[in-house]
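Here is a short briefing for a reader who is meeting this structure for the first time. It begins with the chain as a whole and then turns to one helix.

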Amino acid sequence: MITTYAGENDGARLTAVKQAVEIFVATYGDMGLERFDGEETGYIQLLAAVQSVPFLAERKLVVIRSASQNKDFVDHFDAFLAATTDSTDVLLVEGKLDKRTVFYKTLQKQTEFRDF
């Protein structure tokens, strides 16, 4: 499952992210948790993170912050969605997104989208 937490309310958004991570860690342990900064991490590394199976864990949670700032990620987002394994949950954490972009509209249609 791919979930997007986006919006200008940083406090509420970050609280929701923290709560989602805590629930995941309580259920599956921290061995399946990976965090990435989308601005600094390359698309290939992000893709590899969602394609690989969890190591020593039943499920994996990949948290990606500011992926919209990574042009390769935005350009290849459809391939990213298709490549995500069933045993991997992805949490995309974004600040304010331009609602006119194709990326924003794709996030709304293809992910579980929460606006803060």
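Helices (H or I, at least four residues) and strands (E, at least two) are DSSP runs, numbered from the N terminus. On that basis the chain holds five helices and five strands, and from the N terminus on its elements run β-α-β-α-β-α-α-β-α-β. This is a predicted model, in which local features need pLDDT of at least 70 and side-chain atom pairs count only at pLDDT 80 or more, while totals for chains, interfaces and linings use all residues. Residues are numbered from 1 along each chain as its sequence is written, and side-chain values use heavy atoms, with hydrogens and water left out.

**The chain as a whole**
- The C-alpha atoms of the chain fill a box of roughly 40 × 30 × 25 Å, taken along the principal axes.
- Of the 116 residues, 48% count as buried, where buried means under 20% relative accessible area, exposed over 50%, and partly exposed in between (1.4 Å probe, protein chains only).
- Among contacts (heavy atoms within 4.5 Å) between residues at least 6 apart in sequence, 80% join residues at least 24 apart.

**Helix α1**
- The 19 residues of α1 (residues 10-28) should span 27 Å at 1.5 Å a residue, and the end C-alpha atoms are 27 Å apart, which agrees; the expected span is 1.5 Å times one less than the number of residues.
- R13, A16, V17, V21 and F24 are buried in α1.
- Seen down the axis of α1, these buried residues fall within an arc of 130°, so they line one face of the helix; the arc is that of the directions from the helix axis to the C-beta atoms.
- The cover over the buried residues of α1 includes β1 (2-6), β2 (33-37), β3 (60-65), β4 (88-94) and β5 (112-115).
- On the face turned away from the buried side, α1 carries the exposed residues T15, K18, I23 and A26.
- G29, whose phi is positive, near 90°, follows α1.
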